[in-house]
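I opened the model to look up how its parts touch. My notes follow the structure.

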Amino acid sequence: MMKYLSLIIILAGAYLAVPLQFGGNDYVIGIVVSALTIAGIAVAWAMLGNLGGMISFGHSAFFGVGAYGSALLAMNAGLPVFPSILAGGVIAGVVSILTMPTLRLRGPYFALAMLAFAEIFRILAIEMRWLTNGSGGLLSIPRLPTVFGFDFGSRLGGYFVVLTLVLLTVFVYWLIRNRPEGLALRAMHDSEDATLVVGVNATRLKAAVLVVSAFLTGIMGAFNAHYINFLEPDYAFNGSWTTLAIVAAIFGGYKTLWGPVAGALIVYLVDQFVFKAIMPSGHQLILGGLLAAIVIFSPSGLLPWLASRFRKEAGDAAHP
Amino acid sequence: MIARMISSVLALTLGLGAANADELIIGSQIPLTGSAARAGMGMNEGIQVAAKVFNETNGKHTVKVITIDDESQPAKAVAAIERLNAQGALAFTGGYGSNIIGPASDAAERLGKVYMTSGGVATELSQRGLKTFFRISNATGYAKALAGLSDTLDLQSFSLIYSTRESTAEVAKLLEEIWTAEGKKVTLHPFDPSIADFKPVLHKIKLQDRPEAIAMVGYENDYVGIIRAAKVLKPDAKAIMGTWSLATPKMWQDFPDLMNNVYGTAPLPYPAQFNTPEEQTFAEAYKEMHNKEPDYLGIFGYVQGLLLFNAVAEAYDAGTLNSGGVQDALRKTEHDTLIGKVIFDESGDNTNFAHRMAQHQDGAVAIVWPKESATAEARFPAVPW
């Protein structure tokens, strides 16, 4: 009951309090949108890492493919923006099938193979000039539309869209996690050999979760393309889309449902609003120190640490 | 309570506020870190000098320039514009690289405020139908300068090495068109912006192309990589030339073994020779603020800054800041500047933009083209290897 109440309060805060408080300040909303974009990728990345134990360094590939797919469909095929975003996710999901040979690999080999795929897609985006305009990129990508008089192309409109996308991503993660397949995937994270012994089709499940993770990352890339109205290969396939998501997920606790979201919001917002104000150039240094501290003192992330503190305090209160 | 606390902290960190009656707030979004930092810092120095000169000479208004580092990233550039707007900026200046200027100027257009730059030359930037976008430089001016010098030197064959980025590819395309129309031989060598080893390209140029001149359209790290590879392979060329960020004192200072005899675009020589009162005012203010001789990035930053400050002040006096007064002030007249007359067309492009060619000559940057602006004879044939 307490859990649902907390969720309702968080949702009310996200959909009502934040717009009411900061809706008039494009800068603040813009930074929150960027943080939520990272949050969406972080959840999709954590899904692959937690369910199936696949640590990917190449999620920027899916982000970039989704972004280019959606932008090109909207610009060249005249598809409306919202269906284009969905199609961008589908394209990223389909493209992830090309990366499936990497499922034979484990640990750092899988991570590096995915990194190589991200580089391959970046180079493809540069070389396929007839389609992507190469390194020149795409300018003036169609904005999010106005629907029933509400301009989703505004900063506040973008906020509502990305917030909804992140919540849907978390919901998909929750659904998969609570199915028997989710249990099998989590077991594979600890020992894939043990799950094979009891008859789990590990390859099929890993392939399925890879497609879902790629789809969700592609959706975030597609949203970003229409939000910022610009794409170039170095931007769309930039490794920072992966590293920031990994940092956020590990900071918040990548084995928890909300950890990646909390991690992304804290890492990005504190960096931009506090550290950058203190240190306009080189503010990432402070962030790096903070991350190192979290990893050293709470390897499972911030949310599990807070939860254990909360439980300890509740226990102390119950048994003084 | 929590929301109030958060908003208070944000208000403090963001420094929200509006312009005073006579203090005009200008936002400067510029790369001070990241891949474009060297160019961004040069431009920023010029903008700061423009603010100092304006504040000392205008008599009626002063400007306050708030600068935000866009970290050479498009998304951070958009965030910078929005933050500057929240801090009361009346117009924006800065930006380096068409890939960053594109989304940043889109954001400025949405806010209905003028965006002025000298750091992006891609033609598409001025073909988006934006009403608030202005720039003092463009691809045509750079291409014409290189072509003009090569005519003077009577060069007949070229290996054209260029980055596949929008602006560089565009200048390269213009050069190819000009040279091909003149019946000259051009061999193209496009390269990915992430390439650092140019030896394979130079090897091909040496053995297959055998050009009279090597032309480069890229950025500082590209030039350094290309000339380094040329020093190793020593192609039999008579000249090597490039575009922006090449004929600068900073490049000589950092890479003296690579720069001698290299040609690049530059509006003024180095050590600079300032003759008109405006040039002398600029030079004195620049030396006072930065304790060094100005380079072309500083000059461009100064020109774009001063043009914008004057236009904002004019619109402020006319009470038309919120009704397109700044863009009207920029478009309605010719502006005499350090880089010559600036005339903006409907798309915000400076139709009068023309560049000069300079050559690194033992630590000096000598203007060698056009003839009427030359400060020294071109050394020809001459290459750094």
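How many Å separate the centres of domain 1 of chain B and domain 2 of chain B? I found 30 Å, taken over C-alpha atoms.

The model is predicted: local features need pLDDT of at least 70, side-chain atom pairs count only at pLDDT 80 or more, and totals for chains, interfaces and linings use all residues. Residues are numbered from 1 along each chain as its sequence is written, while chains are lettered from A and ligands numbered from 1 in the order in which they are written.

Entry 1, domains of chain B. I noted domain 1 as 2-138 + 275-342 and domain 2 as 140-271 + 356-373; such bounds come from an automatic or database domain assignment. Their contact takes 16 residues from domain 1 of chain B and 17 residues from domain 2 of chain B (contact: C-beta atoms, placed from the backbone, within 7 Å).

Entry 2, chain B against chain A. I read 27 residues from chain B and 27 residues from chain A in this contact. On the side of chain B, α3(B) gives the largest share, 8 residues (helices are DSSP runs, H or I, of at least four residues, numbered from the N terminus).

I looked up α4 (residues 81-95) and α10 (residues 202-228) of chain A, whose axes come within 7 Å and cross at roughly 140 degrees. Axes are lines fitted to C-alpha atoms over the stretch in contact, with angles from 0 to 180 degrees between N-to-C directions. α4(A) and α10(A) are therefore oblique to each other (under 35 degrees is roughly parallel, over 145 roughly antiparallel, 65 to 115 roughly perpendicular, the rest oblique).

How values were computed. Helices (H or I, at least four residues) and strands (E, at least two) are DSSP runs, numbered from the N terminus.
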